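Reader: Could we go through this structure together? I would like to begin with one residue and then widen the view.

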Amino acid sequence: GKINKKVGVIGKGLLFDTGGYNIKTAMMELMKFDCGGSAAVLGAARATAALAPEGVEAHFIVAACENMINGKAMVPSDVLTASNGMTIEVD
């Protein structure tokens with residue numbers, strides 16, 4: 001159909017922005033909320049798809065990454081498996 005409105009929604013999803021080394025020791029576990037912007041965009045995309053408003057062209061953009069020193073870095077809430085099969089949650 002005819003497009004009457006164009007809408008764009010953009011959100012940031014930066015999981016555990018440690019800045020490389022973990023120098024942010026206070027309340028590190030709360031940094032998972034840095035993904036709130038991207039979660040809001042995904043929720044808006046789902047709601048828009050369900051409503052399917054007539055005449056609306058919608059674009060949803062999520063910029064997402066992890067900002068850690070390397071691929072072996074750990075953050076709170078990571079779950080590791082020990083050699084005996086026991087799982088350990090990083091705190």
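**A residue in the helix**

Author: Ser38 has its place in helix α1. Helices (H or I, at least four residues) and strands (E, at least two) are DSSP runs, numbered from the N terminus. This is a predicted model, in which local features need pLDDT of at least 70, side-chain atom pairs count only at pLDDT 80 or more, and totals for chains, interfaces and linings use all residues. Residues are numbered from 1 along each chain as its sequence is written, and side-chain values use heavy atoms, with hydrogens and water left out.

Reader: Is Ser38 buried or exposed?

Author: Ser38 is buried, because its relative accessible area is 10%. Buried means under 20% relative accessible area, exposed over 50%, and partly exposed in between (1.4 Å probe, protein chains only).

Reader: And what does Ser38 touch?

Author: Leaving aside residues up to four places away in sequence, Ser38 touches Gly11, Lys12, Gly13 and Val62. Contact here means heavy atoms within 4.5 Å.

Reader: What span should helix α1 have?

Author: Helix α1 covers residues 36-51, and its 16 residues at 1.5 Å a residue should span 22 Å. The expected span is 1.5 Å times one less than the number of residues. The end C-alpha atoms are 22 Å apart, which agrees.

Reader: What follows α1?

Author: Ala52 follows α1, and its phi is positive, near 45°. Gly55 lies in the loop between α1 and β2 (56-68). With a relative accessible area of 12%, Gly55 is buried.

Reader: Which residues does Gly55 touch?

Author: Gly55 touches Lys2, Ile3, Asn4 and Lys5, again not counting residues up to four places away in sequence. Gly55 and Lys6 are 8.6 Å apart in space, C-alpha to C-alpha, and 49 residues apart in sequence.

Reader: Changing topic: in what order do the elements run?

Author: From the N terminus on, the order is β-α-β-β-β, with 1 helix and 4 strands in the chain. Residues 24 or more positions apart account for 54% of the contacts with a separation of 6 or more.

Reader: How much of the chain is buried?

Author: Buried residues make up 16% of the 91 residues. The chain exposes about 6800 Å², of which carbon and sulfur atoms supply 58%. Accessible areas come from the Shrake-Rupley method with a 1.4 Å probe; for residues, only the protein chains shown count as cover.

Reader: Finally, where does Met86 lie?

Author: Met86 lies in the loop between β3 (79-81) and β4 (87-89). Met86 counts as exposed, because its relative accessibility is 53%.
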